[in-house]
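Hi there,

Here is the structure I promised to pass on. Have a look at it first, and my notes follow below.

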Amino acid sequence: MLTFGAFLDRACVERARERDDAAKLALGAYVVCRLVGTMFTLERSPDSDEAFTWQLDAVRRHLRALPADAPELAHLSGIAHEVSENRTPAAGLRLSLTAYAYFLEHEGRLEESLEVLALSTRTYGDSLTAADFASVALFAARLNRLLTRWTVATTCYTAAEEAAKDADDCMMQLRARLGLGAVLRGTGNLPMARAIGEEVMRAAAEANLPEMQAMAYTDLGAVYSVEGRKVEFVQANYRAFVLTEDPLQRMRILGDIALGLVDLGVLDVARLAFEIVIASNASFVVRTNAMLELMAMEASTGNRMAFQRRRAELEELTERMPPSMRADFHFKAGVGLARFGQEARARTLLKAGMALSESHRLNTWYFRFDQALSELSEGNPREPERATDSDWSESPALNEVAVGLREYASSTS
């Protein structure tokens, strides 16, 4: 039974932080979900119809009182608009609920996303097809996997695969297989995860599904990363970069390639990859993450002017950054300033990042800031070894990536 407790939990957290508007928004999400849930649970009678109409009016009044610029409010208002007084769930309601579930996933509110997904599924009634079921099961599987509920995620992926077979949908079958591989990777069974990735990659190639091939290569890259196979990680992601036609996905993959190249010491090519992402039409998050990593790389190579330029650019964007990204900026900028001997400014940035982490309960970041500040307080920290370009010219795989990225940069300039 759906209780929508995750929304109430969020409201309590926001109230404790004295963020009244955010708390009211969470309560707005709660009452909207309760309203939709009532559509399926309230027995039909003249009295219940009148009560539902009153509830619908009350929810809409509550939403009109919320901050109009909140992105989440647009989803909630859209859902409430699709709720009809006769309590008949229409396709528009399902689409609005599904869009809201994706929004919540993007915001990292996975429990809430699961509850909204369950509501969306109920709108199908008896008309749920095998293809619809497979799509919903894949979504539920991913959310449970991200919540490390491995058993539930496995059950959902298996159900999605069977439904996709019934629907004769090869793409969803392969996506379900990759999901099972991701569960195996998450639980430490790397050989089986790698085997599934290779199996899906071959099947996608035979079925002429390049986007699916790209997804398989990125999954293989994730396995190689855990195994410490750095060159294979870059090579697999480069294969995915070449295969995918989705511009946003391509830039996300290129950001991962750049990080892998930094790890291998292939710095000039990594810089080129980061610059391609920054100059692209990718999302704000993808481009800003590339800027953050490039700023950190310039600090590690001792390129003070390039570091300061990137830091100044990022400071202009801090108001648009989500809290975790802002913490990342404070940390990388603070560590970079300390590297160049500007310890007072570094300490100011690190303390601000620590306060930010505490206010948003970013515990991992909090401890990283605490450690960095402790090292500064111990006196002049030892200068870390400066990163330099490695001799990678004898690696055919890395040469292929370097040549390919230079050609790509020339074609898009």
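Gly-186 sits in helix α9, which covers residues 170-186. Its C-alpha atom is separated by 19 Å from that of Met-201, 15 residues apart along the chain.

Before going further, please note that this is a predicted model, where local features need pLDDT of at least 70, side-chain atom pairs count only at pLDDT 80 or more, and totals for chains, interfaces and linings use all residues. Residues are numbered from 1 along each chain as its sequence is written, and side-chain values use heavy atoms, with hydrogens and water left out.

Now the whole chain. It has 20 helices and zero strands, counted as DSSP runs (H or I, at least four residues, for helices; E, at least two, for strands) and numbered from the N terminus. Of its 413 residues, 47% are buried. The C-alpha atoms fill a box of roughly 80 × 55 × 40 Å along the principal axes.

On contacts (heavy atoms within 4.5 Å): among those with a separation of 6 or more, 61% are between residues 24 or more positions apart. Leaving aside neighbours within four places in sequence, Leu-405 is in contact with several residues, including Tyr-238, Phe-241, Ile-257 and Ile-276.

Best wishes

Methods: Buried means under 20% relative accessible area, exposed over 50%, partly exposed in between (1.4 Å probe, protein chains only).
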